[in-house]
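Here is a short briefing on one structure. Look at the model first, then read the points by topic.

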Amino acid sequence: MSPQEPGLFEIIQTTRAMRQLKPDPVPDDLIDRILEAGAAAPSGGNNQTWGFIVCRDEDLKKQVQVFYKRAFDEYVLPHYESRKEAPPPGMSKAQFERQLDRVSHLTDRFHEAPVWIVACLDTGKRPPNYLSGASIYPAVQNMLLAARALGLGATLTTRHGIYGKEVDTLFGLPDGVHSYAILPVGYPVGRFGPVARGDVKSVTYRDRWGQH
Ligand SMILES: Cc1cc2nc3c(=O)[nH]c(=O)nc-3n(C[C@H](O)[C@H](O)[C@H](O)COP(=O)(O)O)c2cc1C
């Protein structure tokens, strides 16, 4: 790493959801590096029952976007409406409103991202439970960090999961395999900047919950 390149902690603090992407194609070798970072992640028992679909198929992306948009109208808009007076920790009302604008922007143009990485996990005959994601989201986060390090924008999205069965069928996933995240990847329109979060001290406890 040269002294100019951002270090790990700066990468972590500036890996934001980059929802505005340029249409420029992303070279295969950069996608390969992102995938290698993903596949370096831990998984339960080191089982690595994951699979990553690199999707550039315009028609397929558009078919998935229809479900993604439907879920936005049905769930996301009402959610923002109900929370607009109480934004998340570390965010002002104005920032929260801007976030909705960007979420809406990505929703409308989801399929226009030059490439998607779809993170899938095979849980076999057992239905996925609340711990299943623990064996795929470390890989997803590694890929987000790797994309950021390479100057590429990406967003962790899971909303398609509201229509998970329909979307998994579109991707041709066999029984027992499910899609856990879709990462739309491309060169960002805006610049990387610091994430907005609450104060970690207020959510850090000594020995027992609630003890500061
Ligand atoms: C479990 C999970 C699901 C998410 N799903 C979506 C999604 O479907 N669409 C989207 O635009 N962003 C999605 N996000 C991104 C979050 O909205 C985003 O990370 C959060 O608002 C913080 O913004 P920042 O990453 O820009 O700091 C998701 C994030 C997580 C952790």
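**Around the ligand**

The shell around the ligand holds five nonpolar, four polar and three charged residues. Here Ala, Val, Leu, Ile, Met, Phe, Trp, Tyr, Cys and Pro count as nonpolar, Asp, Glu, Lys and Arg as charged, and the others, Gly among them, as polar. This is a predicted model: local features need pLDDT of at least 70, side-chain atom pairs count only at pLDDT 80 or more, and totals for chains, interfaces and linings use all residues. Residues are numbered from 1 along each chain as its sequence is written.

- Surrounding the ligand are Arg16, Ala17, Arg19, Gln99, Val103, Leu106, Thr155, Leu156, Thr157, Thr158, Arg159 and Val195. A residue is near a molecule if its C-beta atom, placed from the backbone, lies within 6 Å of it.

**Helix H3 with helix H4**

- Helix H3 (residues 58–83) and helix H4 (residues 93–109) have axes that come within 11 Å and cross at roughly 170 degrees. That makes H3 roughly antiparallel to H4 (angles over 145 degrees).
- Axes are lines fitted to C-alpha atoms, for helices over the stretch in contact, and angles run from 0 to 180 degrees between N-to-C directions.
- Helices (H or I, at least four residues) and strands (E, at least two) are DSSP runs, numbered from the N terminus.
- From H3, Tyr68, Lys69, Phe72, Val76 and Tyr80 meet Leu100, Val103 and Thr107 of H4. Contact means C-beta atoms, placed from the backbone, within 7 Å.
- Six nonpolar, one polar and one charged residue form this H3 and H4 contact.

**Helix H2 with helix H5**

- The axes of helix H2 (residues 28–38) and helix H5 (residues 137–149) come within 7 Å, crossing at roughly 145 degrees.
- Arg33, Ile34, Ala37 and Gly38 of H2 meet Ala139, Asn142, Met143, Ala146 and Ala147 of H5.
- This contact has six nonpolar, two polar and one charged residues.

**The sheet**

- Four strands form an open sheet in the order S1-S2-S4-S3, with antiparallel pairing. Strands pair if DSSP finds at least two bridges between them.
- The edge strands, S1 (50–55) and S3 (153–154), each pair on one side only.
- Gly153 has Gly186 in S4 as its bridge partner.

Note on methods:
Angles under 35 degrees count as roughly parallel, over 145 as roughly antiparallel, 65 to 115 as roughly perpendicular and the rest as oblique. Two residues are in contact if their C-beta atoms, placed from the backbone, lie within 7 Å.
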